[in-house]
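I opened this entry to look up charged side chains.

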Amino acid sequence: MGSPRGAGESSRDRLRRQLAERTGTRAEDWHVVFKARYGMEVVFGALRDLCGGGSVLTQLMTCCTAVDPIVAAGLVPRYGELSERTLALDPARLPPVSDLRAVVLQHSFGIIERTNDCHLADAAHAAGAILVEDSAHCLARLSCGNDGRPLADVSVHSFGVQKMLQTYFGGAVWVNPDMEDGALKGELSRRLSSLPEMPRRLCRAARSYAWQIRVFMRLPESLKRAFMVVQNFEQPIVDAERAGRLPYEPMAADEGVSQRASCAFEGLDKVEATHRLAVESYRRELASQGALRHMEVPAAALEGEAQPLLRLPVVMGSQERAQRALSALRGLGIYAQDWYRPVLYPGASDHAAYHFDGDLSPWPVCGRIVSGILNLPCDGGPGQAQEAVGCLLDAAQS
């Protein structure tokens with residue numbers, strides 16, 4: 001269903017076509033933005049303007065930049081309990097929300113699970129809300145129902161830092177042409193297709209970002225802020241974004257960002273193959289070393305055909321064990337991460353802005369998982385999986 005290549009096709013149009021061809025959708029329903037978070041802000045802003053103020057149901061085990069668009073658009077984030085199987089919202093434990101406008105389905109680490117997703121979509125639509133799919137960790141993958149049709153009304157994808165394709169900037173928003181609310185569908189398409197392009201300063205920053213990030217990571221803390229000012233360096237997450245704000249207005253990706261994303265997209269098959277093999281290797285090692293008696297991995301990441309996960313999440317049972325394992329893994333040169341410990345990762349500087357008081361007791365599953373979570377890279381071979389699982393066992397049993 002993707003559009004044919006046309007003479008003089010722009011990089012942005014080529015990227016939209018690539019996304020459409022990979023997902024079996026139409027290029028005209030894809031919109032390329034500066035960053036995925038700003039595309040989400042457009043979606044929530046349109047909801048506010050057309051449906052009035054209200055709430056968006058999401059999860060606390062997420063990045064603060066996934067909640068910032070809700071707050072920036074003038075809606076209220078509400079939080080639901082996690083599913084242990086998927087690390088997405090548990091549709092069986094959704095809180096009652098009288099003014100619900102949207103439900104966010106986050107594919108944490110790239111985990112897609114049809115049954116859970118179908119129930120979540122049904123719950124959202126029964127409440128008169130739309131389903132917004134956060135596919136930041138699984139570029140160009142849409143969750144579909146039993147009929148093969150996409151479940152989400154809107155699906156948001158990222159080309160950003162530490163994603164499947166690390167082009168550092170760029171995101172894409174898909175608007176479902178079969179959305180029941182025709183007025184909202186039309187308004188979303190209009191707003192997303194008429195966004196202003198990135199200003200020249202951001203275009204320059206995007207072109208030099210790969211060099212900038214290498215320099216920035218090697219600087220002492222005392223010099224990092226000065227470097228950001230002099231070099232117009234765009235950090236992955238800035239201070240404002242830890243306080244419920246977004247520093248820019250929504251904008252479209254320029255040709256440079258679109259071109260880099262389009263070129264990288266050509267290698268997505270190879271990247272996904274590497275990640276699937278890594279997940280298969282982790283599965284074998286977890287089983288052969290008996291590791292699942294001492295730690296927890298979401299069942300949806302272990303069942304069925306291996307998915308190309310961005311990272312494999314492991315819950316170690318306590319923050320102390322997780323931190324001990326993280327240090328040991330990094331000591332071996334295995335770049336494990338602590339996503340999403342704490343909630344609203346890497347941590348909110350102003351909890352009130354997120355309508356959250358810091359108390360996780362209403363969400364015991366989320367609290368337990370977050371306290372002991374770490375995640376393993378999925379871009380290595382079988383040897384890395386064997387070493388990583390052995391290291392996790394040592395940390396769990398020591």
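I took a salt bridge to be a side-chain nitrogen of Lys or Arg within 4 Å of a carboxyl oxygen of Asp or Glu. This is a predicted model, in which local features need pLDDT of at least 70, side-chain atom pairs count only at pLDDT 80 or more, and totals for chains, interfaces and linings use all residues. Residues are numbered from 1 along each chain as its sequence is written, and side-chain values use heavy atoms, with hydrogens and water left out.

**Salt bridges**

I got a count of 22 salt bridges by this rule. I looked up E9 and R17 and found their side chains joined by a salt bridge, 2.9 Å from N to O. I then checked cover, with buried meaning under 20% relative accessible area, exposed over 50%, and partly exposed in between (1.4 Å probe, protein chains only). E9 and R17 are both buried.

Next I took R368 and E84, whose side chains form a salt bridge at 2.7 Å, N to O. This pair links distant parts of the chain, 284 residues apart. R368 sits in helix α12 (residues 364–371), and E84 in the loop between β3 (76–79) and β4 (100–106). I read helices (H or I, at least four residues) and strands (E, at least two) as DSSP runs, numbered from the N terminus. R368 is partly exposed because its relative accessible area is 33%. E84 is also partly exposed, at 35%.

I went on to E303 and R85, a salt bridge with its closest N and O atoms 2.9 Å apart. Here 218 residues separate the partners. E303 lies in the loop between α10 (268–288) and β8 (311–315), R85 in the loop between β3 and β4. Both came out partly exposed: E303 at 41%, R85 at 33%.

I also noted a network of salt bridges that links R48, D49, E187, R190 and R191.

**Positive patch**

Which residues form a positive surface patch? I found R200, R204, R207 and R260. Patch residues have over 30% relative accessible area and no salt bridge, and like charges are joined within 9 Å. Helix α6 (residues 200–207) gives the largest share, three residues. R204 is in helix α6, and its relative accessible area of 40% makes R204 partly exposed.

**S158**

Last, I checked S158 in strand β6 (residues 154–158). S158 counts as buried because its relative accessibility is 7%. A polar atom of the S158 side chain lies 2.9 Å from the backbone nitrogen of G160.

Conventions. Patch = residues over 30% accessible without salt bridge, like charges linked within 9 Å, V, L, I, M, F, W, Y side chains within 5 Å. Areas by Shrake-Rupley, 256 points an atom, 1.4 Å probe, with all protein chains shown as cover. Lys, Arg positive; Asp, Glu negative; His and termini not counted. Charge placed at Lys NZ, Arg CZ, Asp CG, Glu CD. Polar contact = N/O pair within 3.5 Å; in protein donor to acceptor, adjacent residues only side chain to side chain.
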